[in-house]
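Reader: Hi! I'm new to this one, could you walk me through it?
Author: Happy to, let's have a look together.

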Amino acid sequence: MIETLAKKKQRASKIYNLLVSTYPAGNKCYLYYSAPHELLVASILSKNCPYELVNTVSKNLFNKYHSAKDFAYCNLESLMEDINSINNNTIKADNIKHACLNVVEKHNSVVPHNYDDLVALPGVDYITGKLLISEIYNIPNVVIDTHMSRIMILLGFTRNDNTINIENDIIKIFNKNIWKKLTYLVIEHGRSVCHSIQPNCKVCILNRLCPSSSF
Ligand code: SF4
């Protein structure tokens, strides 16, 4: 039987409330940072890389490079070495240096709050651009990373596999005021229970509301 949009919204609301009560500290960004340029750097590092590894590398990196200027005018080979445990470290180091150079020289050292300016920075794509806007400037967005796309499909809220189409489905179902928090809660759920290789449906708090569960 096809689930109407109204029914989907009701189910989505219950799911959101369960996630909020299960992960009371789950409204925090999944990437470690304490300044906008640090989130820019971390988001470039995070492409196809586990967030846990990115956060470990970022903590050391931000102790060494303290500003967008430090990254912009750094020695590229040293930066490559500093992030050598991250995939595609040579490309990512180059992107970080040139993205920060762009921020310093074209935007007066302020990470842009405009989506078009953000995605013009080397290494910033649609997903990381949305994260930066949502997190730094508090402009409501859902960020369709791998956890979000996988879990939204499992929960039956989208049948699409394209980021923009998934996003369009999700924003019709969930209220705008919870988009940012929803992203972080779903990512936390993906890391804790709904794993990509083997979702642990038996212990999942959403299993009675999830069409992919047999429990
Ligand atoms: S019931 Fe299973 S598939 Fe559905 S959200 Fe939970 S862990 Fe994921």
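Reader: Thanks! How do the axes of helix H2 and helix H8 cross?
Author: This is a predicted model. In it, the axes of H2 (residues 36-45) and H8 (residues 126-137) come within 10 Å and cross at roughly 155 degrees.

Reader: What does that make H2 relative to H8?
Author: Roughly antiparallel, because angles over 145 degrees count that way.

Reader: And is the crossing left-handed or right-handed?
Author: H2 passes H8 in a right-handed crossing.

Reader: Which residues make the contact?
Author: On H2, they are Pro-36, Leu-39, Leu-40 and Ser-43. H8 brings Thr-128, Leu-131, Leu-132, Glu-135 and Ile-136.

Reader: How do those divide into nonpolar, polar and charged?
Author: The contact of H2 with H8 has six nonpolar residues, two polar and one charged.

Reader: Let's zoom out. What domains does the chain have?
Author: The domain assignment gives domain 1 (5-28 + 142-192) and domain 2 (36-137). Their C-alpha centres lie 26 Å apart.

Reader: How many residues are in contact between domain 1 and domain 2?
Author: Five residues of domain 1 are in contact with five of domain 2. The domain 1 side of that contact has two nonpolar, one polar and two charged residues.

Reader: New topic, the ligand! Which residues come nearest?
Author: There are 14 residues around the ligand, and Cys-194, Cys-201, Cys-204, Cys-210 and Ser-213 come nearest.

Reader: What classes make up that shell?
Author: The shell around the ligand has 10 nonpolar residues, four polar and no charged.

Technical notes. Residues are numbered from 1 along each chain as its sequence is written. This is a predicted model: local features need pLDDT of at least 70, side-chain atom pairs count only at pLDDT 80 or more; totals for chains, interfaces and linings use all residues. Domain bounds come from an automatic or database domain assignment. Two residues are in contact if their C-beta atoms, placed from the backbone, lie within 7 Å. Ala, Val, Leu, Ile, Met, Phe, Trp, Tyr, Cys and Pro count as nonpolar, Asp, Glu, Lys and Arg as charged, and the others, Gly among them, as polar. A residue is near a molecule or strand if its C-beta atom, placed from the backbone, lies within 6 Å of it. Axes are lines fitted to C-alpha atoms, for helices over the stretch in contact, and angles run from 0 to 180 degrees between N-to-C directions. Helices (H or I, at least four residues) and strands (E, at least two) are DSSP runs, numbered from the N terminus. Angles under 35 degrees count as roughly parallel, over 145 as roughly antiparallel, 65 to 115 as roughly perpendicular and the rest as oblique. A crossing is left-handed if the near helix is turned anticlockwise from the far one by less than a right angle, and right-handed if clockwise.
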